[in-house]
Amino acid sequence: MLSPATLLSTTDAAPAELRSRNADRTQQEILKAATQEFSTTGLGGARMERIAALARVNKRLVYYYFESKELLFLSVLEDTYARIRAAERTLRLENLEPATAVRRLVEFTWDYYLEHPEFLALLNSENLHRASHLQRSSHIQEMNSPLVQLLRDVVERGQREGLFREGVDPVQLYISIAALCYFYLSNNPTLSTIFGRDLRTPAALQERLSHMTDVVMGYLLRK
């Protein structure tokens, strides 16, 4: 039989653990709702009342966890970057042949942007604010550093094998990959209009992926 002291500690711990799980779940629901609101209306147009309604919580609870709309927006940005970085880690690029790893990263980045338009919308909004929120983050650089190191390792393996050219900056390489994907998708309506082509058809999207891969590998591979 449990002693009174043990029983008391057990019964006290269970509600505390439950409260912790409920708090985590509530914060995730608020982040999910806020991501939808910010990516749809931008920071300026977002309303905490709508975020609370989407999350099915009291607005005061949103402020309790995140303090202000600005800090909630920063939390959304950090969560958004954490998600793409976590997805990139599942690629296990370190286990792939260097050229295959880079091609896989291009393909992944393209597919991720297509499947997560909210990511592009949030980046557009934060760029309008000149990254003033991300500059306040204590996590964003350490969150992105492993990707840079991983890409550096892939590039160096390719160079040692005589596949890749010298003088490749992994940060510039990743920015180029991201930019090739980002510009096409974020500017697709205007590009489709001025060139008189529907650049969102499945055939056009596949053609774009092939083109981007050729551009990146054309730069990277030793001639």
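Contact here means heavy atoms within 4.5 Å. The model is predicted. On that contact criterion, Thr213 touches Arg103 and Val106, residues up to four places away in sequence not being counted.

**Thr213**
- Thr213 is part of helix α10, which spans residues 202–220.
- The relative accessibility of Thr213 is 14%, and buried means under 20%, so Thr213 counts as buried.

**Helices α8 and α10**
- The axes of α8 (residues 170–186) and α10 come within 11 Å and cross at roughly 160°.
- Because angles over 145 degrees count as roughly antiparallel, α8 is roughly antiparallel to α10.
- The crossing in which α8 passes α10 is right-handed.
- On the α8 side, the residues that meet α10 are Leu173, Ile177, Leu180, Cys181, Tyr184 and Leu185.
- Their partners in α10 are Ala204, Leu205, Arg208, Met212, Val215, Val216, Tyr219 and Leu220.
- Sorted by class, the contact of α8 with α10 has 13 nonpolar residues, no polar residues and 1 charged residue.

**Helices α2 and α3**
- Helix α2 (residues 48–55) packs with helix α3 (residues 59–66) at an angle of about 100°, and their axes are 8 Å apart.
- Angles of 65 to 115 degrees count as roughly perpendicular, and α2 and α3 are therefore roughly perpendicular to each other.
- Met48, Glu49 and Ala52 of α2 make this contact with Lys59, Val62 and Tyr63 of α3.
- By class, the contact of α2 with α3 has 4 nonpolar, no polar and 2 charged residues.

**Largest nonpolar core**
- The largest nonpolar core has 62 residues, of which Phe38, Ile51, Leu72, Trp110, Tyr113 and Leu173 touch the most other members.
- Helix α5 (residues 98–115) supplies the largest share of this core, 9 residues.
- Tyr113 is in contact with Ile84, Phe119, Leu120, Tyr174, Ala178, Cys181, Tyr182 and Leu185, leaving aside neighbours within four places in sequence.
- Among the α8 residues that meet α10 are Leu173, Cys181 and Leu185; Leu173 is also one of the core residues that touch the most other members, while Cys181 and Leu185 are also contacts of Tyr113.

**Residues with positive phi**
- Glu67 is not a glycine, yet has a positive phi of about 75°.
- Glu67 lies in the loop between α3 and α4 (69–89) and is exposed, with a relative accessible area of 59%.
- Arg92, also a residue other than glycine, has a positive phi near 55°.
- Arg92 is in the loop between α4 and α5 and is partly exposed, with a relative accessible area of 45%.

Terms used: Residues numbered from 1 in each chain as written. Predicted model: local features only at pLDDT ≥ 70, side-chain atom pairs only at ≥ 80, totals over all residues. Heavy atoms only, no water. Helix = DSSP H or I, 4+ residues; strand = E, 2+ residues; numbered from the N terminus. Buried < 20%, exposed > 50% of the residue type's maximum accessible area, 1.4 Å probe, protein only. Axes fitted to C-alpha atoms, helices over the stretch in contact; angles between N-to-C directions. Parallel < 35°, antiparallel > 145°, perpendicular 65-115°, else oblique. Left-handed = near helix turned anticlockwise from the far one by under 90°. Nonpolar A, V, L, I, M, F, W, Y, C, P; charged D, E, K, R; others polar. Core = buried A, V, L, I, M, F, W, Y, C linked by side-chain atoms within 4.5 Å.
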